[in-house]
Amino acid sequence: MEIKVLKDILGANEQIAERNRQLLDSKSVFAVNVMASPGAGKTSLILETIKGLKGKTRIGVIEGDMSSSIDAEKVGKEGVPVIQINTGGECHLDANMIHNALGNLLLPDIELLFIENVGNLICPAEFALGENKKILISSIPEGDDKPLKYPLMFHEVDAVIINKIDLLPYVKFDTDAFAQSVKGINKKVEIFPISCTTGQGIQEWVSWLLTQMSRR
Amino acid sequence: MHELAITKSMLDIVLEEAEKAGSKEVGKINLVIGEMTGFVADSVQFYFDFLSKGTPAEGATLSFTTVPIKARCRSCGEPFEPKELDWNCPNCGGNSLDIISGKELFVESIEVE
């Protein structure tokens, strides 16, 4: 006997993500899911954004890694509340991990919550967490062909940050071609070329973020 | 690696449906996977064999229907299948598109005894 099921395999995750979304909304927390490959600058961007927004908004961070608490320690030094999630081998964060982490954060003290996903351009694109915005950091040394190699990731995000633009004189990277292929698969996306080392472009990114927070 | 999480969720759905139908044995599971999700059928099968041991789904055949990535050109409206490194419209050469299929990931049906 054949039974029609027609059920989304990620449905259980979507349900928990929706509950996270409602909880965050009720506490007026704006959550940003930060995704990128390892070494693209996720933690650096979060640190620069914390500095850029000092005194303007209260920030909290959830750090996701397969193991270690190196990133959480770096962020903790900036004096913001931070929770480390060790996925224990899983290559992405899922909504349930975020649900558990939210229980350990004082949400009324947070207006902007960064969720640093596990470094990976494939799996994190599949798992909704309950975030308001998804962003992707793609760095100059990774090459300008990444949008075509990881189309789902580039299709899903609200903003793409091109990090390490201070390396442009030394690395072959066609910024226009990169931006064009990103826009090709995602017409709503915003693109921000930045350097966490020199601070170039950080202001534009931070202003956009504040505008998004005020609009929701 | 993300096939592990996916296979767990898939098995949960299958066992729930089998129980609802009062079945103790699942013979076949029909899955639909979009090409854009990047899920590897062999890997899903590997985790399934391991996770389904001792459940009514043990030994079930997994059948995969792959849905190709399809897009529609935003300039001329032409539907087309983007190739690996060529996402330009074959009709007008436009490089702007909307994804219309390829993100699917669901259990279509199960066959039970």
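The model is a predicted one. Chain A holds 8 helices and 8 strands, while chain B holds 2 helices and 6 strands. Between the chains, 29 residues of chain B are in contact with 28 residues of chain A.

**Overall form of chain A**

- The radius of gyration of chain A is 17 Å, close to the 17 Å that the globule rule gives for 216 residues, so chain A is as compact as a globular protein of that length.
- The C-alpha trace of chain A spans about 60 × 50 × 35 Å along its principal axes.
- Buried residues account for 45% of the 216 residues of chain A.
- Of the contacts in chain A between residues at least 6 apart in sequence, 74% link residues at least 24 apart.

**Overall form of chain B**

- The elements of chain B follow the pattern α-β-α-β-β-β-β-β along the sequence.
- The radius of gyration of chain B is 18 Å, well over the 13 Å that the globule rule gives for 113 residues, so chain B is more spread out than a compact globule.
- Along its principal axes, the C-alpha trace of chain B spans about 55 × 25 × 15 Å.
- Of the 113 residues in chain B, 32% are buried.
- Among contacts in chain B between residues at least 6 apart in sequence, 71% connect residues at least 24 apart.

**The parallel sheet of chain A**

- An open sheet of 7 strands, paired in parallel, has the order β4-β3-β5-β2-β6-β7-β8 in chain A.
- The edges are formed by β4 (82–86) and β8 (190–193) of chain A; each has a single partner strand, so one side of each is left without a neighbour in the sheet.
- Direction ignored, neighbouring strands of this sheet are turned by 20° against each other on average.
- Helix α8 (residues 202–215) of chain A packs on the sheet and touches β2 (30–36), β5 (112–116), β6 (133–139), β7 and β8 of chain A. The direction of α8 makes about 150° with that of β8(A).

- β2(A) and β5(A) run parallel and are joined by 5 bridges, with A:Asn33 opposite A:Ile115.
- Strand β3 (residues 59–65) of chain A also pairs with β5(A) in the parallel sense, over 5 bridges, and A:Ile59 stands opposite A:Leu112.

**Nonpolar cores**

- The largest nonpolar core has 65 residues, of which A:Val34, A:Ile98, A:Leu113, A:Ile115, A:Leu136 and A:Ile161 touch the most other members.
- β2(A) supplies the largest share of this core, 6 residues.
- Leaving aside residues up to four places away in sequence, A:Ile115 touches residues including A:Val32, A:Val34, A:Ile62, A:Leu93, A:Ile98 and A:Leu129.
- A second, separate core of 21 residues includes B:Met10, B:Phe39, B:Val107 and B:Val112.

- On the side of chain B that touches chain A, α1 (2–20), β5 (97–101) and β6 (105–112) of chain B each supply at least two residues.
- The residues on that side of chain B comprise 16 nonpolar, 7 polar and 6 charged.
- Strand pairing also crosses between the chains: strand β1 (residues 2–8) of chain A and β6(B) pair in the antiparallel sense over 5 bridges. In this pairing A:Lys4 stands opposite B:Ser109.

**B:Phe64**

- B:Phe64 lies in strand β2 (residues 61–67) of chain B.
- B:Phe64 is partly exposed, with 14 other C-beta atoms within 10 Å.
- Residues up to four places away in sequence aside, B:Phe64 touches B:Leu31, B:Ile33 and B:Ala41.
- B:Phe64 and B:Ala21 lie 43 residues apart in sequence and 22 Å apart in space, C-alpha to C-alpha.

Conventions
Residues are numbered from 1 along each chain as its sequence is written. Chains are lettered from A and ligands numbered from 1 in the order in which they are written. This is a predicted model: local features need pLDDT of at least 70, side-chain atom pairs count only at pLDDT 80 or more; totals for chains, interfaces and linings use all residues. Helices (H or I, at least four residues) and strands (E, at least two) are DSSP runs, numbered from the N terminus. The radius of gyration is taken over C-alpha atoms; the globule rule is 2.2 Å times the number of residues to the power 0.38. A residue is buried if 20 or more other C-beta atoms lie within 10 Å of its own, exposed if 12 or fewer, and partly exposed in between; C-beta atoms are placed from the backbone. Two residues are in contact if their C-beta atoms, placed from the backbone, lie within 7 Å. Two strands pair if DSSP finds at least two bridges between them. Axes are lines fitted to C-alpha atoms, for helices over the stretch in contact, and angles run from 0 to 180 degrees between N-to-C directions. Ala, Val, Leu, Ile, Met, Phe, Trp, Tyr, Cys and Pro count as nonpolar, Asp, Glu, Lys and Arg as charged, and the others, Gly among them, as polar. A nonpolar core is a set of buried Ala, Val, Leu, Ile, Met, Phe, Trp, Tyr and Cys residues joined through C-beta atoms within 7 Å.
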